[in-house]
Amino acid sequence: MRFFANMMSKARIIPGLLICSVLAACVTPPAPEGAVNLQRSATAFGGDVTLRAPRGYCLDQAGSTPQSENPVFFFVSCHALSGGTHASVPEVMGLLTATVSQGPLAPGAGDHANLTEFFGTTAGQRLLSRRSGGSVRVHEISNANDDYFWLLAEETRATDRIFSPWIWFALTEISGHKVSFRFYPAADSAEDSLAGRAVFHRFVRSTH
């Protein structure tokens with residue numbers, strides 16, 4: 001499972017500007033001529049993979065890297081990106097990320113049993129962590145017959161005032177590319193929020 005280290009570490013790094021963009025209160029309304037061109041979708045590898053954000057989320061074009069070797073996309077509140085205009089607000093505030101990597105999953109790497117075993121190890125849990133060298137506790141995991149592999153983890157010893165300690169993660173293969181998803185709910189979101197669960201899975205399922 002060595003290939004996870006590179007793919008997942010890219011999505012774990014949250015640029016400072018994005019942290020503030022999660023909450024509308026952090027954003028200073030832009031001047032009319034500097035209005036943000038809101039986009040709810042993004043593509044990678046010439047359209048091989050199309051990502052579409054849930055209602056209320058828009059692409060952070062400044063933080064995303066669509067042209068990189070392994071593109072990383074960040075989706076935050078449309079309302080925040082627009083500087084508090086009439087753009088919609090997410091049902092559950094947070095940060096959605098997707099990393100699209102070149103090539104398919106390694107043989108056997110996408111097997112549910114292998115993934116479950118890997119994320120039960122210290123190495124797998126550290127890769128889920130938002131902090132380099134951090135660790136998490138996995139609370140819930142997908143079933144073998146689900147359409148894609150996903151789990152819900154909790155960051156241990158988390159003290160973040162912006163994000164909650166909860167991390168949603170999913171992994172799948174689309175058009176010959178491995179794609180990993182993460183959802184970092186805002187600090188006031190509960191781990192068992194049905195709305196938060198719906199936002200995350202809607203994001204994954206709308207990608208094709």
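Visitor: Why does His 177 count as buried?
Guide: The relative accessibility of His 177 is 9%, and buried means under 20% relative accessible area, with exposed over 50% and partly exposed in between (1.4 Å probe, protein chains only), so His 177 counts as buried. This model is predicted: local features need pLDDT of at least 70, side-chain atom pairs count only at pLDDT 80 or more, and totals for chains, interfaces and linings use all residues. Residues are numbered from 1 along each chain as its sequence is written, while side-chain values use heavy atoms, with hydrogens and water left out.

Visitor: What joins the side chains of His 177 and Asp 48?
Guide: A polar contact of 3.1 Å joins them, a term that requires a pair of N or O atoms within 3.5 Å, where within protein one must be able to donate a hydrogen and the other to accept it, and where residues adjacent in sequence count only if both atoms are side-chain atoms. His 177 belongs to strand S9, residues 177-185; strands (E, at least two residues) and helices (H or I, at least four) are DSSP runs numbered from the N terminus. Residues up to four places away in sequence left aside, His 177 also touches Phe 45, Val 49 and Thr 172, among others, where contact means heavy atoms within 4.5 Å.

Visitor: What makes S6 and strand S7 a pair?
Guide: Two strands pair if DSSP finds at least two bridges between them, and S6 and S7 (residues 149-155) have five, in the antiparallel sense; Glu 140, for example, has Leu 152 in S7 as its bridge partner.

Visitor: What is the order of the strands in the open sheet?
Guide: Its seven strands run S3-S4-S5-S9-S8-S7-S6, with antiparallel pairing. Strand S3 (57-59) and strand S6 (136-141) each have a single partner strand, so one side of each is left without a neighbour in the sheet, and they stand at its edges. Neighbouring strands are turned by 25° against each other on average, direction ignored.

Visitor: What makes Cys 58 and Cys 78 a disulfide?
Guide: Their sulfur atoms are 2.1 Å apart, and a disulfide is a pair of cysteine sulfur atoms within 2.5 Å, so the pair qualifies. The link is right-handed, with 95° about the S-S bond. Cys 58 lies in strand S3 and Cys 78 in helix H3 (residues 78-81), so the pair ties together parts that are 20 residues apart in sequence. Cys 58, at 3% relative accessibility, counts as buried, and Cys 78, at 3%, counts as buried too.

Methods: Axes are lines fitted to C-alpha atoms, for helices over the stretch in contact, and angles run from 0 to 180 degrees between N-to-C directions.
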